[in-house]
Amino acid sequence: MHRTYLTWNSCSLESRHWGQLVLLGILGGCSFSGLFDVAGRERTPNGSAFFVWQARVRSGSSSVPEWDSDVGEDGELFYVKLKSNDEAAHDKQSPLLENCETFKLRNNFKRSSTRRSTKGRIFKALKVRKTKNLENDYTRKKDSSGNPSNVLNRNLIGEDNNKFVVVQVSKNMIFTSEKNCQIEKLFGLSLETHFDGKTLKVADFLVESRAIYLPKVKKGYYLQKINGIDVNSYNINNILQRVAEDHCNPKLTFQIPSGDFNIEIDKLLTSKNITDNSLIQFLKDSMCSVLYICCNDVEYNSNDDKGVLYCYPRPFNQNFLYNTRGAYVTLNHLAPKSLGTSEPITSTVLYNGTFINVSYTSYYNDLLLIAFPNKAVDLFATTRVCKNIVRILELLYGSLKSCFTKPNNVDKLDSLFSQIFVTSLAGNKSSSERKTALSVTNFEDLLAAHAVTLSLEVKVQINDAITELEAADYREWTDDVENFQRLYTVIGSCLYYSGHLLSSHLQDDDLKEINAYLKLTGILRLSVEKDLEKLVLWKEVFICEHRKQNKNDGNEFRIPDGRWFLLLVGRGHFLLATLMEAGGCTEDATGVTPPSPFYVEECESCLDLLYDVGLNKYLASWFSSNTMPQLETSPEYLTKVGRKIRDTSGLKSEGTIKTSTLKLPKFQSEMKKRHNSSEQINIGTSASENATNYGSHHSLYNQWYSGPQKQYRHSSNLDISYSEDSNSLKSNSEISDDRVQGRRADREQRNRRDSSGSDSDWDRQEGSRASSSIDVSDIRKSLLNEIDQVTTHRITAGEENVLFHFIQLETAKGVLIAPVKNIEVQANNVLYSHIIKSFRSACVKIHELLQQNIRFKTNHAPANPLNKILIAVKEYGILFQTPPSILGQCGINKKSESFQFWAVGRVFSEPEPRELYVCYHESVPQDLTEVAYLLSYLE
Amino acid sequence: MSVIVIAVASESGVPIFSRKRGNNENVQFSTIASLHGINMFSKCHNLSMIKTQVENGDILWKEYCKSVTLIGIATGGLECDLELLLSCVHDTMIFCIGKKELENLKNIDQIKRDLRQCYPILDYLLESLDPNAVSSTQPTLTLDLIQSMLCPQAQQLQQALDQYAESVTGRWACLSIHGQLVATSSDFHELDAREARLMLLLAAAQDGAPLRDTPVYLPHMSPNVAFRAVTCKLLADVYILVVCGATPPLSQIDEIVLQCWEGYAQMIKEAKLIHPRNFPTSITFEPSILGILAINVPRRKCVFSRHLNVSNQKSRGMSGAHRTDILRTFYVTTARHLAPELKFKENENKEECSDCISETYWSSEYHKCHAQRSGNLLCCVLYSSTVPTHTMRLITTQILQDLNTNKDVYW
């Protein structure tokens with residue numbers, strides 16, 4: 001008989017397969033798990049009767065939840081089960097290399113750019129040959145695929161100098177590639193891009209090719225050179241082409257990933273004790289450190305370590321922060337008392353040739369010091385990250401003091417800080433398998449929760465599901481409502497998908513704290529990188545309102561004296577965080593409070609509901625659709641040369657290769673006009689598609705007629721869902737009206753509406769409200785399954801879309817709206833990456849300057865003198881000039897052609913401070929007030 | 001706003017001087033000791049404190065020549081220039097007593113006394129961090145640029161200066177009006193911009209003396225051998241500076257000055273008329289422009305003007321001094337990014353400054369600032385708030401073109 005926790009333990013420690021259950025949890029759960037064996041539990045699902053909490057909720061689940069044995073002694077729980085590898089592989093389509101289409105696109109661009117030059121004829125000839133090759137490939141494939149071992153002249157030259165491995169692949173070998181991907185065909189490899197978006201990494205081997213590579217080359221190695229030429233994701237297509245026509249056997253050079261400490265975030269999250277010495281060494285080497293000092297005399301003298309209550313990583317004498325703490329403590333006292341300045345915020349120090357940022361946080365007489373290496377976390381990021389760390393500590397422990405004085409808390413703090421440090425350093429380390437921009441030190445990740453603009457229908461669906469959970473209407477579950485006292489009241493919840501906040505019903509401060517917790521501990525990252533089968537987290541927290549409330553305040557609106565718990569449930573890429581209150585009208589929570597399976601199931605069923613309406617599929621395609629608002633991810637098309645290239649390539653490649661980088665196939669034919677959009681919202685297809693099919697934005701009207709069949713299908717769908725209601729029929733006819741008459745009709749309609757003084761949003765809502773008698777889920781499905789009918793929106797003025805990126809930040813709410821995080825990966829474009837990098841660095845500058853204005857207006861710091869000139873600035877713009885080297889990589893070699901783009905930030909102080917940062921091409925001047933206005937329509 | 005600069009002998013911890021500007025109290029001796037102690041302590045642990053941020057301010061330690069530690073504390077001003085200020089203060093100390101003395105620090109009391117003569121210059125330098133300081137007539141606008149005037153007579157004056165420098169066996173000579181550089185001898189640009197600035201400040205500090213010579217050590221050119229700087233007042237607010245050797249004696253120089261400059265009196269008077277506008281009359285400006293700061297980047301020279309259009313001078317709400325302040329703050333905090341070669345970074349880890357910024361602007365409720373670079377010229381222009389952004393760009397481009405092509409412009 002196996003004791004459960006032992007089995008699971010060994011699974012997660014030894015097996016590298018995520019296909020198995022990875023589970024460590026908080027091992028206190030062994031007190032329960034000792035009672036069962038695995039098999040026995042499966043056989044007797046009803047054996048849950050002797051669980052106290054089960055009895056308390058009569059209608060609770062009928063089986064023991066699988067996370068049950070992981071509940072810690074203190075009632076806390078962290079349970080993760082990841083989807084198995086095979087299953088996940090399907091969803092984990094890396095947007096770059098596995099999706100060969102994007103490769104062809106880049107390829108196409110390059111090729112056509114050279115086609116214009118004198119080499120044109122050669123390339124034409126090449127193309128013909130290549131198609132022949134393809135045919136040959138196909139025939140030969142059949143022969144060779146049967147027995148891969150009969151390929152005789154394969155060479156394996158392993159240069160065992162510990163860094164590089166060279167493999168020569170026979171030219172005669174042709175591999176089968178289901179995806180028709182050039183790389184797979186030539187080398188039998190599938191590649192993915194590394195986190196940096198440039199380096200190529202081995203993702204997998206085809207079955208036939210395994211024999212060639214496997215002893216020497218492993219998954220995760222970097223493909224560095226082909227035939228001695230350095231390759232990266234930008235130039236691989238060119239090189240592949242050369243290889244394809246070359247007669248010599250290609251030689252591949254792989255780089256073994258150097259001693260990069262590869263940390264599995266899920267292991268880190270679930271392990272209770274940080275006994276891993278290599279992790280501690282890693283943190284020591286990277287100069288991350290935290291120290292809490294109690295500076296009053298009593299503690300100073302009584303404590304063995306001269307007032308140091310906590311220090312990590314240990315041992316003390318190897319921690320540079322511990323060794324030099326005197327300097328920081330002195331400065332912290334001296335600055336406000338003798339120099340008349342505020343307390344220090346950060347210090348930059350040079351230690352062992354490394355620049356380190358040390359942040360100060362005072363708590364009465366105590367001082368919390370946190371240090372980060374400047375390379376990974378710069379000064380701007382340090383202050384923000386440390387502010388968030390303090391938020392997390394206050395959320396989890398109530399105050400800094402109680403956090404570091406709570407008995408037997410060191411292990412938990414160790415694991416918390418190691419999680420935070422590892423996550424913060426991850427920005428430039430290679431621990432991620434997916435190449436989403438997961439750094440927590442990017443400008444947009446530091447300041448607030450990253451939200452995205454969703455269409456109204458989707459927002460309604462999401463909020464509907466969450467509200468249902470929050471309403472806690474349990475009449476259906478139990479008959480004797482009188483005797484049933486609930487355990488918790490849900491006081492708010494928020495939903496994340498793949499690291500993006502979809503909706504929040506939390507108070508602003510709670511959201512900020514929970515967001516900081518999820519982000520810095522890496523849970524959010526886990527939900528992006530991995531496909532979660534199940535994630536359950538249960539933790540007692542101290543909500544902000546409770547902490548700030550004066551105990552003796554007799555206010556009748558004060559919140560009850562109770563306890564609060566954070567319940568986090570995850571599935572797929574969704575994370576649902578729910579804040580529970582025990583107190584007031586609920587049963588009192590006393591002593592150790594483990595999670596209630598009933599509430600966990602409630603949250604899970606809320607996520608199920610979202611799956612039911614197909615939100616997971618909708619969001620997956622929405623996230624790659626780049627529509628709300630649309631960004632220009634091929635910036636080179638805005639130059640003269642680029643435009644020519646686009647036009648010629650568009651003409652020549654029509655019918656064979658689509659120029660669009662969008663994945664919405666039927667998208668161009670389905671244009672749904674928003675009623676309430678003003679004339680200025682430019683609705684159009686993506687610029688590239690536009691060009692291919694119609695030439696310019698002006699021919700928009702054509703599209704209303706271009707796809708009659710699909711329109712018909714679409715409208716008939718709508719008819720079905722609304723058919724019982726005359727009101728909605730009317731609105732439906734309005735829509736089709738629009739479609740036929742295009743803009744003119746819309747304008748007329750708006751005029752009509754304007755005169756009646758009603759807002760169009762209301763019209764629509766009236767319609768849907770009236771139709772409430774229909775089965776709601778039907779409508780849900782019909783709405784969300786129509787993925788292809790996504791409307792694109794533009795928020796910049798001008799004929800062409802000149803918007804590259806934007807960030808709208810509401811600091812008070814703790815929310816910012818920006819394009820999806822992996823937009824850069826989606827674009828897969830050197831120039832675009834350069835633009836984003838410059839934009840981020842500009843945002844930091846602009847943000848810091850605009851803070852003076854905000855601080856002055858909100859009057860938070862009147863005590864400290866402000867520069868009177870800086871406080872008046874409300875808009876700050878920077879025009880960047882792209883270096884020719886980067887333009888050259890995009891095929892624009894003309895000297896006269898320059899590429900300039902603006903990064904502009906503006907603060908809107910009414911009604912509450914809001915900052916908008918926009919990055920756009922210089923060709924069309926933009927008014928930021930207008931952009932903000934148009935953006936607000938999308939919300 | 002407050003700026004404090006403290007100099008301490010690194011090894012002994014003896015305070016050498018402390019200068020301050022703004023509404024702060026004097027720093028006590030014990031505080032200086034503690035501040036120095038922090039630096040010493042961290043040095044023992046192989047750790048150096050580079051910079052500490054406080055709210056709206058910075059605290060900085062900097063050790064020079066392994067003998068002197070400068071501590072700077074600045075709040076509520078242009079604290080981003082604090083590191084540059086400390087470096088300039090150090091330059092000034094060398095300027096006064098030479099590098100050798102400063103390295104040895106043998107007789108601290110003597111050095112303290114010697115350094116007292118450069119206090120006026122130090123105070124001018126401190127002014128540069130005060131965002132609301134331009135009430136003073138001294139050229140303290142920025143720390144890294146030489147304030148100058150663009151006048152059409154510069155070429156002829158250069159000939160006169162060459163002649164003058166030759167006759168006093170000197171090499172570098174210049175003419176300043178209202179503390180601003182008007183004309184230089186032909187090899188004056190051999191001097192580092194900061195040395196030239198120190199010369200101008202020296203002339204300003206010797207208020208009113210008709211003819212004076214001072215031994216100076218040029219911090220970059222000759223930190224160990226002293227030169228003789230001779231300042232001579234020609235007219236009110238007009239000075240001639242020359243750096244020369246020990247001969248000829250002052251009395252002889254007096255005669256040479258008369259010989260050389262007698263014929264140029266009229267020309268200098270004409271040049272003086274340029275003063276508040278600082279640009280040749282052949283360059284005209286749009287009425288929406290409230291002020292301008294034009295910078296020649298390789299020469300480290302800047303021309304500032306807020307009296308561009310005489311007619312509507314009074315009608316604008318903003319006071320002239322305030323305009324100067326705005327443009328200066330705009331340059332220091334923002335527009336300097338357009339000229340990466342002007343960035344002062346000694347110790348900071350060199351981040352790759354690959355981002356090439358070609359334009360930048362601010363807009364506030366009351367005014368707008370726009371900066372654009374074209375070749376060697378960088379132009380910061382202050383506009384009234386009614387001018388749209390794209391119009392600003394057009395006008396600034398026009399000005400830059402004017403400055404590049406106008407024949408009356410001699411940098």
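**Salt bridges up close**

Modeller: Let's start in chain B, where Arg21(B) and Asp130(B) pair up through their side chains in a salt bridge, 3.1 Å from N to O. By salt bridge I mean a side-chain nitrogen of Lys or Arg within 4 Å of a carboxyl oxygen of Asp or Glu. Arg21(B) sits in strand S2 (residues 15-22) of chain B and Asp130(B) in the loop between helix H5 (119-127) and strand S6 (146-148) of chain B, so the pair ties together parts that are 109 residues apart in sequence. Helices (H or I, at least four residues) and strands (E, at least two) are DSSP runs, numbered from the N terminus. As for cover, Arg21(B) is partly exposed at a relative accessible area of 24%, while Asp130(B) is buried at 9%. The cut-offs there: buried is under 20% relative accessible area, exposed is over 50%, and partly exposed is in between (1.4 Å probe, protein chains only).

Keep in mind that this is a predicted model, where local features need pLDDT of at least 70 and side-chain atom pairs count only at pLDDT 80 or more, while totals for chains, interfaces and linings use all residues. Residues are numbered from 1 along each chain as its sequence is written, chains are lettered from A and ligands numbered from 1 in the order in which they are written, and side-chain values use heavy atoms, with hydrogens and water left out.

Also in chain B, Arg228(B) bridges to Asp213(B), with the closest N and O atoms 3.0 Å apart.

Over in chain A, Glu444(A) and Arg840(A) form a salt bridge whose closest N and O atoms are 3.0 Å apart. Glu444(A) belongs to helix H19 (residues 443-447) of chain A and Arg840(A) to helix H34 (residues 830-858) of chain A, 396 residues apart. Both Glu444(A) and Arg840(A) are buried. Chain A also has a salt-bridge network that links Glu66(A), Lys81(A), Lys534(A) and Glu604(A).

For context, the count over all chains comes to 36 salt bridges. Chain A itself has 36 helices and 23 strands, and buried residues make up 59% of its 939 residues.
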